[in-house]
Amino acid sequence: MLYISVPDKNDSVSSITIDEKQYLIRFTYNGTGDYWSFGISDNDDNPIVAATKIVPNFPLTHFFNYTDLPNGIFGVLTEETRLTRESFNDGTAEFVYIPWDEVEEE
């Protein structure tokens, strides 16, 4: 499991390496709707997944079948039922990438 830091900004783009491949990950906080979203692009800024609303404890990319996605799922681990602007800052939520070979089938 890879823990991914969410910057304390309403909109940010960070470079991340997964399975020896570079990606750009974007986190955006929507103040009007009071929710976070994320997107992932290749290193040339070509979108793979754009502006997906972040839902706690749900595999955010589970239903995406794009071959350009890393071989795993992105999600947020938290005890909270909804995320706030401060959820990542105060440590009540963590954004993660879990490779498929680490996902436990239940």
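**View 1. Strand β6 provides the largest share of the lining of the second largest pocket, 5 residues.** Strands are DSSP runs of E of at least two residues, numbered from the N terminus. The model is predicted, with local features requiring pLDDT of at least 70 and side-chain atom pairs pLDDT 80 or more, while totals for chains, interfaces and linings use all residues. Residues are numbered from 1 along each chain as its sequence is written, and side-chain values use heavy atoms, without hydrogens and water. At least two lining residues come from each of β6 (72-78) and β7 (93-99).

**View 2. The second largest pocket has a volume of about 150 Å³.** A pocket is an open set of points on a 1 Å grid over the protein atoms alone, where a 1.4 Å probe fits, with protein on both sides within 12 Å along at least five of seven lines; lining residues have an atom within 4 Å of a point. The volume is the space filled by probe spheres set on the points, which are joined across faces, edges and corners. Among the 13 lining residues, Phe58, Pro59, Ile73, Leu77 and Ile98 are closest to the centre.

**View 3. The largest pocket contains about 190 Å³ of space.** Of its 14 lining residues, Arg26, Gly39, Ile40, Ser41 and Ala50 are closest to the centre. The largest share of this lining, 5 residues, belongs to β4.

**View 4. Strands β3 (residues 21-30) and β2 (residues 11-18) run antiparallel, joined by 8 bridges.** Strands pair if DSSP finds at least two bridges between them. Ser12 stands opposite Phe27 in β3. In the hairpin turn, Asp19 has a positive phi of about 50°.

How values were computed:
Helices (H or I, at least four residues) and strands (E, at least two) are DSSP runs, numbered from the N terminus.
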